[in-house]
Each structure stands twice: as C-alpha cells, then as structure tokens.
Amino acid sequence: MLDRISNGGRLTRDETVELFRSDDLFSIGKLAAEVSERRNGNNAYFIVNRHINPTNICVNRCKFCAFSRSKGEEGSFELTIDQILQRLSSGFENSQAGRGLLKQGCGFSEVHIVGGLHPDWPFDHYIEMIGAIHRTFPRLNIKAFTAVEIDYFSKISGLGLEEVLIKLRESGLQIMPGGGAEIFAEGVRNQVCPEKISGARWLEVMEIAHRVGIKTNATMLYGHVETSEDRVDHLLKLRDLQDKTGGFQAFISLAYHPKNTEIGGFYSSGIDDLKTIAISRLVLDNFDHIKAYWIMLGEKISQTALLFGADDLDGTIIEEKITHSAGAMTGEGMTRDDLIYLIRKAGKTPVERDGLYNKIWTG
Amino acid sequence: MDRITKERALEYLKSANLLDLGEAADGMRKSLHPEGIVTFVVDRNINYTNVCINQCTFCAFYRDAESPEAYVLSEDELFKKIEETLALDGTQILLQGGLHPDLGLDYYTDLLKSIKTRFEINVHGFSPPEVCYLAKKHNLTIREAIEILRQAGLDSIPGGGAEILSDRVREVLSPKKIKSGEWLRVMEEAHRLGMRTTATMMFGSIEEPEDIIEHLDVIRSLQDRTGGFTAFIPWSFQPGNTELSKESAVRPATAIDYLRVLALSRIYLDNVRNIQASWVTQGLKLAQVALRFGANDFGSTMIEENVVRAAGVSYSVSKEDIVHAIKAAGFDAAQRNTYYTIIRKY
C-alpha cells in the first residue's frame, strides 16, 4: 500500500484506518516526509503573526473548552476596537515582514482573530473591527473568524452565509482559520460540543468561503473520545471538499488538551501526534501544507513533526489564551529567532511567509 | 551482529537520517526487550545539601556556604521525605548533594546508617564526584571510600557527574569537578565490589560530536570489562539560570538533537541493557517518542526534583500520568526496582 501511495496513488478509507492502527511509525513517517519533500522541497515555513481574542464571552460553552466564560462571570473580558489596534501597533523590529509593515506601525504580517460567540455584539461590530484593522494596516493579512463564528453572524444578522462572508471580505478579511471543525462524526460531536454547528454546516461555511475568494485552513481536534474511523472520515471529508474548491491552504491537527475542561482525560501521546501528522500528509494529497502547530503540540513535537511530513510551524503568536486555558505547557509566544533555530536544527530551510504563503524571506 | 565502530557512529551522529537511525534503535530495543514492557521506578530525589565547592558553569542548583539559600537537610526532614516515598510505594531514594566543605565521612556514614536502621529502602546515592571528594578529604583510595559507604548502607551509585567524559569539555564546563578518568575509576571500583551503577551523559552544551562518541565509547569499554552498568541515561543541558548560559549563547538542544543522541546511544551501547528516556528534561510527549527511538525505561516518577527545576524546567507528573503515558505510547507499564527487576505491572 505504501508503495502505491509513494507512486501517487490515493489512500482509501480502509487503508487509512489501517495506518492509524499500525505501529509502523517509521515507514509511515518516512513516506510522509518523502511526500512533503516532493511538494515543498526542504522548506519549513513560519510566520511573524499575532493572535487576538476580542472576547472570551461565549454562548456555546463547549465541554472541551477552558477559555470561554459567560457574560458577567469572573474572568470574562471584551476588547474594544481601539485596544485591538493598539495590540497590533508594535511587533518584532527584526521581522522581515515587519520591515515593510513597520512603516505602518505594525510588525506582523498576519493577525489571527478568533473569539467567543458574544451574546450582545451585533454583526456590524465585527465588520467595523475588521474594517478598522484593514484601514489602519492595509498590508496586514487579516485571518479571522472560524466557521462557527460565521454561522453565528448569519444568525444574529439574519443574512445568508454568502452575504456575511462577502461583507467580511469587503471589509478586509482575507483568510479564515480552520478552527471549530473539531471532529465531524455526529456521535462524538454530540458528546464534546453539542451546542456547536454540525460538521456538515462547518463544511458548508468553508465551501462558500472558498467560493467567494476567502482562503481557509482546516483542522481536526483529536485525542479525546473519537475512534480511528472518526479521524479518517473527518480527513476524507476535507479531502473531498478540497477536490471541489481548492480553497484550503493548510491542514492542522489539534491535539486535545485535557486540563480545566469538562471531558478531562489525558494528553494525546507524542507518538500519536507524529503519526496523525504523517497520516494527514498522506491522505490529504490535495493540501499544499501540513502545519505542526507548536502552540498545541509543544515546540519539541512540532520540530520533530517537520521530519514526519509537516512543513509549517505557524508563528510567533505572541499571546495565546485558548490552549493555555486548557493546560498547554508551551510558552505563549516564540521569537522569530527561536522558530528559525528549531527549523535549522531539524535540517530544514526556514522560510518566512505571509498569511497567504507568499515567501517573504528564505534562510 | 558486528559492533558499530566509532567512525561509523560519528558519521551517523552527524548526518544519518533521523528516522533511519530511530528505526535501527527501535529494532535493537525490540530485540533486547521483546516483551514490550516499559519500566519506571518510584523514587525520590533527595538533595542533602546545595552547598558545593565545584561551582560548575552548567548548574543552577549550587550555593556558597555563606549564601542565605544554603542548606543541609536535617535528619527529621530526611526521614519525613523517606516516609512519604514509602507511602507512595517508592523503593529507592536518589541521595545526592553538593560537595560541602564541612561535611566529613562521618556525616555520610551516619546518614546512611540512620536511614538503613529505620527504613527498608534502596539507597542509590553519591555520584562519583562525591565519592572522590570524600576519598581525597580523608586520604582514602577510591575503593576504600566506596567500601566504607557500602558498609554503612549504600546500595548502588548513580551515574551523575559524568557530564561529557572528555577532559577538553570538562575544563570549560566543570574545571573543578573530577576528570573523566576518575569518574570511570569510581564506577569500575564499584562494579568490582559488586555494586551496580548507572551512567549518564549531559550533552547539548559546548561539546562536539566527537566528544559524544568518545563518551559512549568509554562507557562501552568499561561495561565490557565489568558489566556493572544497569542503564544509560542521556539528557540535555538545561541552560536556564546557569553561568554557562550567561557567558556564552548556548541554546538548548532541540528535540531532534535529543532523539538523535538517544538513538545512537541505544545502537552504540549494545552491552548496556537499559536506556532511559528523560521526561524530566524533555517532557512527557517527547519521552513517549523516545520509547520508539531506543529507550525502554521511563526513569523515575520523581517525587521531588530540585536540580533541573533550578534551571527553569518543571513538569509536574504523577505515577498515574507516567503509567498512562507509557500505555498510550503502545507499551505495557511496569514498576521496577533499582536493579530493573519488575515488581508490579499496571
């Protein structure tokens, strides 16, 4: 089977399930590395970016989430648009991206914005938020709002998904993160996030986003109560949609973090993390990039994943709140130098990219 | 199977594909431990003092005798720690400390006797720098010093203080610490007296690949002569709060460096049965990965760990977490004693 894949064949559902059950870590890893090499050469990408969570107040309160609060609850917060702009008005002076953007007073090439589903903010507030960022920093890539938030905007505004997405795009949104996909399997979804939109709805939002010209990422949350089959079905749905639209930029497997959540349990194993990355690389033959998201996996596993099929470590991030609420043991941010060092020590060529994977600098 | 040569090992360390190296190490681990069990020990690190005249540049734990943070553990504190260890099904204490200028041989023998008369617990203690320090202070041979400690109740000797067994590197890292030859001498004498010891290696400071190979080679040669090493434990220099990191821009070894050295250790040390993964320095997730890169032992549950914590690294982990981590990595978990005899399966 591995030979066939090596020659460009497509993995079937049964074969992929078999890979998840196999303990042949090395054959899977080496083939994934070979596939990655074919697609991205020896490059490993990173970005100088910043996360901003406008609010943690959320009407959903998913069981695996330790970040959200109800309105008025202790520890809840809301950022004003001015506060958001202020957070972007600084950055890494040594960032290659920053050299261009610093003239605008911003040292990042991308801002990543996700937050809770706020009970009172109208859709216009989000349009204003994106518009203000875009007007202030016209060259900054704005990556914002998961499919779950888009669905919510449609509900609170009474507009269709397409209209919501077009309005956001016209305000300056270019990219959407891949969060909220969790795991598509209905039974599991009902256990871990019953209030959240269905898998089908998530895919619908993404399909429309791609159609109106918004690039997105895709994710899978694993390591909680799902089976190997659930993982494979999830990956295959992503592959099918990508065949249709080509709008996904990168796939990110998100290791479940058990602390402070209602489900509890354990961290996924480092071996499972690497295997999941490698198998994703093999199944998702129509995705350009497989991201080893260091904030979720830890910098050690992420670096190792660069030899198991991943080609991107994500970025500097600066301030990460969601995963850290659930017991992430990583720092909240990394410097550009740290990322370059990790990539070089993995024997890869560091490439700084912008939010759309344009190369800014090659090390 | 032919033994790997120094030249070949150096080539592997410098340029082998990590997954090829890992696969070879994994194969070797499988043939040495075909039952698929990963072991761990329940023990407690007890550091009887942090006063140390050696002042190694890579250490964040030591203090001067005059420092307000200097301490020598009282017997009451020590006994309490041992009682707590036994209550948690512990079988061993790892008793190590600084080279305190005012503590003589009597302190050590009294300490050992007081423990052994009260508790049934294995004392894994006093790494070679401590043994040599005592021998010198009291004009004893190394053999005599070990015999005295053994009579007082010392069971086995930990492999600490090896750092990198290359005097060129030691001259920079730990100029006052015993040289390579002395470290090996302590181990050889202990083995000849029938005691078992471990061997460690701290890499990722200022050594060259050649130094790592030299280190592995002297361990392998001694093991050929005595067979006294139970396990080899490679771990990486943790630069936080140390002199070395202030003086030079040493960046910590990365995960990939660790896996490479670990895998090569498994391949090179064909006569050392057990290789430990170091979750204390690498975190649980990478330690799990290490189980597929040559390691077959998860080390200790570390009820208390002071030295690595002083360098800014701290993972809080319970026995339940360790057992789960081993199982999630695809192995059966078992508690062992100092001699790697399995005493309980999970």
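Two residues are taken to be in contact if their C-beta atoms, placed from the backbone, lie within 7 Å. By this criterion, among contacts in chain B between residues at least 6 apart in sequence, 79% join residues at least 24 apart. In chain A, residues 24 or more positions apart account for 76% of the contacts with a separation of 6 or more.

The structure is a predicted model. The predictor assigns the complex an ipTM of 0.91, together with a pTM of 0.92. For chain B the average pLDDT is 91, and 94% of its residues score at least 70.

The overall dimensions of the chains were computed next. Chain B contains 14 helices and ten strands. The C-alpha trace of chain B extends over about 50 × 45 × 40 Å along its principal axes. Of the 346 residues in chain B, 54% are buried. Chain A has 15 helices and eleven strands. Buried residues account for 54% of the 363 residues in chain A.

The contact between the chains involves 24 residues from chain A and 24 residues from chain B. On the chain B side, at least two residues each are supplied by α2 (18-32), α11 (255-268), α12 (279-290) and α14 (319-328). The largest share, seven residues, comes from α12(B). By residue class, the side of chain B that touches chain A consists of eleven nonpolar, seven polar and six charged residues.

The largest nonpolar core comprises 216 residues, of which L259(B) and A290(B) touch the most other members. The helix α11(B) gives the most to this core, contributing ten residues. When neighbours within four places in sequence are left aside, the contacts of A290(B) are L259(B), L262(B), A277(B), Q282(B) and A295(B).

Strand pairing in chain B includes an open sheet of three strands, in the order β5-β6-β7, with parallel pairing. Its edge strands, β5 (197-203) and β7 (274-275), each pair on one side only. The strands β5(B) and β6(B), the latter formed by residues 229-236, run parallel and are joined by seven bridges. Within this pair, M202(B) has W235(B) in β6(B) as its bridge partner. An antiparallel pair is formed by β9 (residues 332-336) and β10 (residues 342-345) of chain B, which are joined by three bridges. Here the bridge partner of Q335(B) is R344(B) in β10(B). The two strands β9(B) and β10(B) make a hairpin with five residues between them, and in the turn Y340(B) has a positive phi of about 65°.

In chain A, strand β3 (residues 110-113) pairs with β4(A) in the parallel sense over four bridges. The residue E110(A) has N141(A) in β4(A) as its bridge partner. In a regular strand the side chains alternate between the two faces of the sheet. Strand β4 (residues 141-144) of chain A is covered on both faces, with N141(A) and K143(A) buried on one side and I142(A) and A144(A) buried on the other.

The residue I81(A) lies in helix α4 (residues 81-88) of chain A. A residue is buried if 20 or more other C-beta atoms lie within 10 Å of its own, and exposed if 12 or fewer do. Because I81(A) has 16 C-beta neighbours inside 10 Å, it counts as partly exposed. Apart from neighbours within four places in sequence, I81(A) is in contact with E128(A), M129(A) and A132(A). The C-alpha atoms of I81(A) and D288(A) are separated by 34 Å, the two residues being 207 residues apart along the chain.

Note on methods. Residues are numbered from 1 along each chain as its sequence is written. Chains are lettered from A and ligands numbered from 1 in the order in which they are written. This is a predicted model: local features need pLDDT of at least 70, side-chain atom pairs count only at pLDDT 80 or more; totals for chains, interfaces and linings use all residues. pLDDT is the predictor's confidence in each residue, from 0 to 100. Ala, Val, Leu, Ile, Met, Phe, Trp, Tyr, Cys and Pro count as nonpolar, Asp, Glu, Lys and Arg as charged, and the others, Gly among them, as polar. A nonpolar core is a set of buried Ala, Val, Leu, Ile, Met, Phe, Trp, Tyr and Cys residues joined through C-beta atoms within 7 Å. Two strands pair if DSSP finds at least two bridges between them.
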